[in-house]
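Hi,

Here is the structure I said I would pass on.

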Amino acid sequence: FHKEFGRVLKEGIHFDFSRKEQIADLLLYSSTKTEPGKYTTLDEYVKNMPIAQEAIYYITGRPDENILLSPYLEAFRGKGFEVLCLTDDIDDLIMLDLQEYKGKKIKSVIKGDVSLDKTTAAEKEAKKGTFEKLLSRFKDRLKDEVKDVRLSGRLTDSACCLVAEEGGLDPQMEKMLRSMGQDVPSQKHILEINPDHPVFTAMNDMVSQGGSDEQIQEYIDLLYNQALLLEVSKLKDPAGFARSVAKLMAGGGKK
């Protein structure tokens, strides 16, 4: 029944706003903790939340991609926080309408700033000074492409990612609305970098030691394009990205 009519139920949250939580009780979701072919409800999700978890988290993606492999989930997996996996094109809009469930805020893992506990937030704040010059270089180089560059609280293994602002539309929803002929203003996203990744330690050393500006800029471009690929967005210069990757593979980055 849910496979046939689940999408209609979701639309009910948008069109029957006064009963949105009652309708939300009927919805089923796969998640980072459900077995293949199995589903959970929002009520079950809330009951299983660890004490330290403050919000209900979800991630959106296309049906043809394995969103369980997304780098946006890294910190949530590390904390043992369940994340709902949503693949309908209207899911992000519906979650923005729902906003909260049983007193728990509903948040996308690909939007806003993430600090899953006070310790992580304090560590991130302490590292800002160490990476201040490098962040400034990123911001200057990408000033026409991104709204901001900041340290990430959601990445533990990957180098970088692009995120939308809290309350904004995710990239998939933007694409869907544009395909329907809607006038959606272009939104600059925020580039987050993982301060614990070796590439940023190396780049930070290059900046502090007065390394080659050309090489630093090339690395910044490579990382930004990598973030675009993770976001499933089109590269502005695919040929240039390919050349830079080939150059690194051939040892051209070692100077």
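In which sense do strand β2 and strand β3 pair, and over how many bridges? Before I get to that, please keep in mind that this is a predicted model, so everything below is computed from its coordinates.

On to the pairing: β2 (residues 55–60) and β3 (residues 83–86) run in the parallel sense, with four bridges between them. Within that pair, Tyr57 has Val83 of β3 as its bridge partner, and Thr60 stands opposite Leu86. β2 also pairs with β5 (residues 104–108), again in the parallel sense and over four bridges. There, Ile56 has Ile106 as its bridge partner.

These strands belong to an open sheet of five, ordered β1-β3-β2-β5-β4, with mixed pairing. β1 (30–31) and β4 (100–101) are at the edges with a single partner strand each, so one side of each has no neighbour in the sheet.

Is β2 mostly covered or mostly open? It is mostly covered, with six of its six residues buried. In a regular strand, side chains alternate between the two faces of the sheet. In β2, Ala55, Tyr57 and Ile59 point one way, while Ile56, Tyr58 and Thr60 point the other way, and all of them are buried.

Next, a helix to look at. α8 covers residues 171–179, and its buried residues are Pro171, Met173, Glu174, Met176 and Leu177. What do they pack against? Their packing partner is α5 (91–98). After α8 comes Gly181, which has a positive phi near 85 degrees.

Now for the chain as a whole:

- There are eleven helices and eight strands.
- A compact globule of 255 residues would have a radius of gyration near 18 Å, and the chain has 20 Å, which agrees.
- The C-alpha atoms fill a box of roughly 60 × 45 × 30 Å along the principal axes.
- Of the 255 residues, 45% count as buried.
- Among contacts with a separation of 6 or more, 72% are between residues 24 or more positions apart.
- The accessible surface is about 14000 Å², and 52% of it belongs to carbon and sulfur atoms.
- The chain has 37 positive and 43 negative charges, and their mean positions are 2 Å apart.

Cheers

How values were computed:
Residues numbered from 1 in each chain as written. Predicted model: local features only at pLDDT ≥ 70, side-chain atom pairs only at ≥ 80, totals over all residues. Heavy atoms only, no water. Helix = DSSP H or I, 4+ residues; strand = E, 2+ residues; numbered from the N terminus. Rg over C-alpha atoms; globule rule 2.2 N^0.38 Å. Buried < 20%, exposed > 50% of the residue type's maximum accessible area, 1.4 Å probe, protein only. Contact = heavy atoms within 4.5 Å. Areas by Shrake-Rupley, 256 points an atom, 1.4 Å probe, with all protein chains shown as cover. Lys, Arg positive; Asp, Glu negative; His and termini not counted. Charge placed at Lys NZ, Arg CZ, Asp CG, Glu CD. Pairing = 2+ DSSP bridges.
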